[in-house]
Number of protein chains: 2
Amino acid sequence: MGAVFQLEHEVLYYEADTTGKLALPMMLNLAILASTKQSLALGVGPDFNHAQGLGWVVLQYDVDVTRRPAVGETITVQTEAVKYNPFFAKRTFTLVDAQGAELIAIDSTFAMIDMNARRMARLPKEQMGVYQAERVKQIERMTDPTPLVNVDAQQAYKVRYLDIDSNQHVNNSKYFDWLFDVLSPEFVQTHEPLNIKIKFENEVRLGEIVHSQVQMTGQRTLHRVMNDDTVAAEAEVVWRD
Amino acid sequence: MGAVFQLEHEVLYYEADTTGKLALPMMLNLAILASTKQSLALGVGPDFNHAQGLGWVVLQYDVDVTRRPAVGETITVQTEAVKYNPFFAKRTFTLVDAQGAELIAIDSTFAMIDMNARRMARLPKEQMGVYQAERVKQIERMTDPTPLVNVDAQQAYKVRYLDIDSNQHVNNSKYFDWLFDVLSPEFVQTHEPLNIKIKFENEVRLGEIVHSQVQMTGQRTLHRVMNDDTVAAEAEVVWRD
């Protein structure tokens with residue numbers, strides 16, 4: 001078990017969608033906010049890693065949504081770096097409401113990038129010790145999103161300047177913008193996500209044009225974000241009415 | 001002088017751009033966050049007005065930027081409804097840093113909309129009394145942005161589902177996304193805004209395609225957001241290197 005870090009956050013009006021509830025992309029922003037704050041508190045924040053030419057990247061998220069909090073609610077984001085092997089780390093996030101009830105649970109796999117060589121780097125043992133993460137041989141693979149086989153709808157999105165955050169990468173939450181924008185407003189206003197799986201495969205860059213594709217299969221939507229012929233990300237969402 | 005309301009806010013990583021400083025659109029989000037919180041504290045929040053078929057809209061902002069705060073800084077947003085006449089209200093916002101130094105000063109003109117008739121409504125006297133706003137005959141017009149005469153660059157943007165906030169309108173800050181995205185990344189990364197004037201002229205709706213146009217004139221950029229042949233907004237930005 002890793003060291004648990006907690007962060008309180010009030011859901012602000014500009015973090016909500018038209019339903020008055022936390023917008024889906026914000027779930028990922030709050031997760032990364034908590035893990036970054038933990039890293040800073042432990043003295044191993046982004047600047048510490050950047051100074052060594054290293055940076056964390058998220059490879060995959062699996063998000064279970066029990067209830068999305070509403071504007072004005074104060075929630076707590078709990079996170080811990082659970083375990084790691086030489087190349088992968090598993091981190092969990094739990095968003096709970098003021099009564100301690102679980103709102104959203106996120107499982108994730110992180111890796112480290114050598115920012116100059118643009119390839120995966122070994123996770124620094126000392127740093128993982130700081131998080132009290134357990135060292136293991138094997139990190140079990142997360143369940144991949146079911147691949148899409150037919151494209152029922154797609155839209156093009158240009159990567160905008162403000163899609164890049166202060167970590168100098170396209171903010172992960174922007175992929176959720178692209179995934180959900182291709183669905184009809186009627187669909188997203190009348191359906192709540194139960195589970196979202198997303199796997200990031202290839203980075204996209206400022207000015208590039210991505211295509212967000214979706215296959216509608218009843219209460220399940222299968223997604224792919226394409227950058228020309230390259231798959232940038234795949235996702236699968238299970239919905240309830 | 002109106003009643004002054006104050007709100008503390010920590011600048012979060014997902015509220016910053018690649019410079020690590022508060023993203024320009026966030027300035028408007030923080031302003032509206034503060035005025036909405038004041039309204040809620042005074043018992044005249046969005047739900048109170050919506051129940052009477054009324055809603056506030058911003059007609060114009062004039063933003064002076066001394067310094068944009070960095071990620072991790074805790075700032076205070078101060079706001080007051082200064083004065084009003086039967087149709088217009090003047091509200092000011094001041095963002096100050098932890099030492100009390102002014103970061104950003106915003107002047108604004110608000111009006112009220114009859115949401116069913118889609119036309120301007122008279123400002124309810126009792127409500128303006130709650131804000132301790134001074135009743136005046138005349139609200140001086142704010143300086144309009146200089147109109148653009150040549151289009152040096154333009155880009156099309158589709159209004160996305162997540163551009164609509166919990167107030168059911170395109171979030172004002174999205175106009176800033178469109179204004180600044182049409183400038184080159186090199187320009188926005190090497191220039192800081194000194195003053196931004198924006199005038200909202202016609203509402204845009206979900207799914208519509210707007211064109212963000214810019215004229216570059218040295219340290220001044222002139223902007224227009226077009227929705228087909230209709231001007232949705234005009235803006236003027238003065239920059240420093």
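This dialogue walks through a few features of a predicted model.

Student: Which strand is joined to S1(A), and how many bridges join them?

Tutor: Strand S3 of chain A, residues 74–84, is joined to S1(A) by six bridges, and the two run antiparallel. Within this pairing, the residue opposite Phe5(A) is Thr79(A) of S3(A).

Student: How many aromatic pairs are there over all chains?

Tutor: A search of the whole structure gives 16. One of them is formed by Tyr175(A) and Phe200(A), in an edge-to-face arrangement with 5.0 Å centre to centre and 75° between the planes. This pair links distant parts of the chain, 25 residues apart: Tyr175(A) belongs to helix H4 of chain A, residues 173–181, and Phe200(A) to strand S9 of chain A, residues 192–200. Tyr175(A) and Phe200(A) are both buried.

Student: What kind of pair do Tyr61(B) and Phe200(B) form?

Tutor: Tyr61(B) and Phe200(B) are also edge-to-face, at 6.1 Å centre to centre and with 80° between the planes. Here the partners are 139 residues apart, with Tyr61(B) in strand S2 of chain B, residues 54–65, and Phe200(B) in strand S9 of chain B, residues 192–200.

Student: Why does Phe200(B) count as buried?

Tutor: The cut-off for buried is under 20% relative accessible area. Phe200(B) counts as buried because its relative accessibility is 13%. Tyr61(B) is buried too, with a relative accessible area of 0%.

Student: Which residues form an aromatic cluster in chain A?

Tutor: Tyr61(A), Tyr175(A), Trp178(A) and Phe200(A) form one cluster.

Student: Where does the charged end of Arg91(A) sit?

Tutor: A ring can also have a charge over it. The charged end of Arg91(A) is placed over the ring of Tyr131(A), 5.3 Å from the ring centre. In chain B, the charged end of Arg91(B) sits over the ring of Tyr131(B), 5.3 Å from its centre.

Student: How many residues of helix H4 of chain B are buried?

Tutor: An α-helix has 3.6 residues a turn, so residues three or four places apart point the same way. In helix H4 of chain B, residues 173–181, nine of nine residues are buried. Among them are Lys174(B), Asp177(B), Trp178(B) and Asp181(B).

Note on methods. Residues numbered from 1 in each chain as written. Chains lettered and ligands numbered in written order. Predicted model: local features only at pLDDT ≥ 70, side-chain atom pairs only at ≥ 80, totals over all residues. Heavy atoms only, no water. Pairing = 2+ DSSP bridges. Helix = DSSP H or I, 4+ residues; strand = E, 2+ residues; numbered from the N terminus. Phe/Tyr/Trp six-rings, centres within 6.5 Å; stacked < 30°, edge-to-face > 60°. Buried < 20%, exposed > 50% of the residue type's maximum accessible area, 1.4 Å probe, protein only. Lys NZ or Arg CZ within 6 Å of the ring centre and 35° of its normal.
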